[in-house]
Amino acid sequence: MTPDLECQGLTKQFDETTAVRGVSFSVAPGSFFSILGPSGCGKTTIMRMIAGFLEPTDGDIRIKGKSMLNVAPNKRPVNMVFQHLALFPMMNVADNIGYGLRRKGLGKSEIARKVGEVLDRIGLPGIETRKPDELSGGQKQRVAIARCMVLEPDVLLLDEPLGALDLKLRERMKIELKSLQAEFDTTFVYITHDQSEALVMSDQIAVMNAGQFEQVGSARDLYYRPKTAFVAGFVGDSNRWRGTVERVDGNRIALRTADGMLIAGATQGAPLATGSAAEIFLRPEAVRVAQDAADLAHFDNRLRGEVSSLLFNGAASRILVRGESGPEIEVTLPQSGEFANLTKGAPVHIGWSGDQTACFAAGS
Amino acid sequence: MAQGTKLGFYLLLTPLVLWLGLLIIIPHIDMALLSLRERVGVGEYATSLANYRGFFGEPIYMWTFLRTAMMSMLATVVTLIIAFPVSYYIAKIAKGRVQSVLFLLCLVPFWVSELVRTFGWMILLRETGLFSSLLQWTGLADGPVEMLYNDVAMMVGLVYTSMLFMVVPLVTMLESLDDAVIEAGYDLGGSGASVLREIVIPHAMPGIVSGSIVVFMLSLGNYLTPTMLGGKDSLWFTELIYSQFIVRFNWELGAAFGFMLLILSSLIVWVTLRLTGQTLEKTMGS
């Protein structure tokens with residue numbers, strides 16, 4: 001099956017700087033593909049090249065197998081939902097959605113029928129005559145998507161469309177976007193710097209940094225099996241230490257941190273050599289807390305310390321534990337109630353399995 | 001505290017009231033009374049509409065007025081056609097320094113007085129002027145060419161004088177149009193022409209209308225440019241008013257002409273606003 005969207009060796013040079021450096025990927029039909037990266041990593045540049053607003057310096061973009069080089073933006077079978085949606089403020093909802101259909105030269109009655117249909121599908125029937133500034137944030141969002149989907153594009157590009165919404169609405173729109181994608185059965189390419197948006201909605205995520213893809217995979221892959229230190233640090237929260245590798249046994253290693261703590265860990269990507277500098281990442285939820293050291297006997301990393309801070313955040317509450325030496329370790333508090341009365345300064349035992357960590361060569 | 005705020009409010013209001021009262025309302029009341037006065041004998045006056053009857057009774061007055069209105073409209077349209085691409089370039093295509101330099105260049109002609117600016121055009125266009133000499137030197141013309149004292153020269157002068165007043169509201173309006181909206185227009189299949197027609201122009205409409213009103217009023221009330229650049233056939237309505245007041249010393253008829261100009265220009269602006277579906281509030285508030 002030909003992928004809906006395929007980029008090969010995509011490169012974009014702006015004067016001195018290379019914004020995108022030889023990026024290749026393909027997106028399967030009907031899937032939700034996200035490009036996740038910090039601002040300035042080049043993700044918007046990729047999107048604008050796919051939409052046709054920028055010409056790539058090198059490489060090829062193919063949509064349904066057809067090269068899009070030298071095809072004007074208005075002739076490409078892709079449509080884009082802009083960051084601030086860019087609804088036409090001077091037109092009402094029906095004219096906004098009908099704009100693309102008018103460009104295709106469809107008749108008035110057919111446009112009206114299609115606009116009505118798409119409004120039904122996004123769950124906003126009967127708002128044809130309203131102006132964009134009379135709509136709520138979520139409604140604008142859906143109208144912006146409908147305006148593109150009514151043209152039945154092969155690929156829909158979304159450029160951080162949830163960025164301008166408040167937190168509660170953003171949470172709801174994440175779920176809504178995912179179901180709209182299933183409803184329209186169209187390939188979505190979504191760019192964002194917000195990892196939770198990418199993790200919740202995507203079938204495939206590409207983590208991008210400094211113009212290159214660090215790793216492409218499912219949300220689960222990125223979270224549990226990061227291939228690079230950047231991915232481990234960027235996706236999800238982590239405790240992070242630097243140290244020197246003391247022992248190597250297959251993918252298991254032992255690492256000595258600068259303040260003398262010995263940590264058992266595991267490499268996820270490239271193997272590490274004894275004596276090399278390395279970084280170790282540990283998820284707060286991979287750490288177990290116990291009142292009694294015996295409960296943690298099966299872990300290869302065990303530590304005794306005291307609670308130095310309580311970070312209450314409902315279900316995602318955490319504590320900071322300070323051991324005898326070394327930095328504070330962030331630990332997710334289990335919600336079973338046994339630690340509900342934990343106070344600052346209370347002695348606790350913590351432990352984790354070395355297999356739950358990810359180690360990478362430092363500086364990579 | 002409330003007393004202090006009230007005093008401040010009145011103090012701030014005073015200049016406005018003085019300005020409106022002394023410069024606009026009182027002179028116009030006086031003009032209105034003057035225009036309704038008819039001289040019946042030496043030093044004897046009666047209230048009548050004779051001056052207005054005079055205006056409508058003499059075709060040359062009416063024709064001059066219509067001509068002035070039509071030419072002003074033409075000047076407005078020409079200014080708009082030239083100013084729109086200039087404004088679009090300044091607002092949307094030029095970036096950073098170039099943008100401010102270009103904007104400043106539009107302003108530069110206004111550093112000298114209108115009189116000097118008009119003389120500048122006379123130097124270029126007269127029989128012994130620059131263009132005439134150039135045409136002779138290149139062999140395109142056999143003898144001196146007179147380009148002054150006709151409608152075209154006058155139109156050039158009017159457009160040149162009004163340019164800035166069209167560019168400023170247009171640049172402001174176009175700058176407020178999000179680039180993403182234009183891009184969305186292309187992204188959804190629009191061509192340059194349809195993006196311009198459906199997105200850029202509707203968005204810029206308040207700026208177009210307010211610029212047009214200002215340019216139209218300025219052209220209609222212009223005295224210097226038509227007098228200096230226009231020929232003897234290009235009689236401007238303001239010249240009629242001038243001659244009634246200063247040459248004929250017929251202040252009553254002059255005042256009536258002045259009032260007709262005010263009423264008819266207001267009418268034209270109102271009709272234009274109605275036709276374009278704009279309100280004065282929307283265009284001037286922008």
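Predicted model: local features only at pLDDT ≥ 70, side-chain atom pairs only at ≥ 80, totals over all residues.
Residues are numbered from 1 along each chain as its sequence is written, chains are lettered from A and ligands numbered from 1 in the order in which they are written, and side-chain values use heavy atoms, leaving out hydrogens and water.

**The six-stranded sheet**

- Chain A has an open sheet of six strands in the order 6-7-8-3-9-10, with mixed pairing; strands here are DSSP E runs of at least two residues, helices are H or I runs of at least four, both numbered from the N terminus, and two strands pair if DSSP finds at least two bridges between them.
- Strand 6 (78-81) and strand 10 (212-217) of chain A sit at the edges with a single partner strand each, so one side of each has no neighbour in the sheet.
- From one strand to the next, the twist averages 20 degrees (axes are lines fitted to C-alpha atoms, for helices over the stretch in contact, and angles run from 0 to 180 degrees between N-to-C directions).
- Strand 9 (residues 204-209) of chain A runs antiparallel to strand 10 of chain A, joined by five bridges, and A:Ile205 stands opposite A:Gly217.
- Helix 1 (residues 43-51) of chain A lies across strands including strand 3 (32-36) and strand 7 (155-159) of chain A, at about 145 degrees to strand 7; contact means heavy atoms within 4.5 Å.

**Strand 1 and its partners**

- Strand 1 (residues 5-14) of chain A pairs antiparallel with strand 4 (residues 58-63) of chain A over five bridges, with A:Leu5 opposite A:Ile63.
- Seven bridges link strand 1 of chain A to strand 2 (residues 17-27) of chain A, also antiparallel, and A:Glu6 faces A:Ser26.
- Strands 1 and 2 of chain A make a hairpin with two residues between them, where A:Asp15 in the turn has a positive phi of about 45 degrees.

**Where the chains meet**

- The contact takes 22 residues from chain A and 18 residues from chain B.
- About 1600 Å² is buried between the chains, 60% of it from carbon and sulfur atoms (accessible area, 1.4 Å probe, that two parts lose on being put together, summed over both).
- On the chain B side, B:Asp187, B:Leu188 and B:Glu198 lose the most area to chain A, together 43% of what that side buries.

- Helix 9 (192-220) of chain B is among the elements that give two or more residues to the lining of the largest pocket, and its six residues are the largest share.
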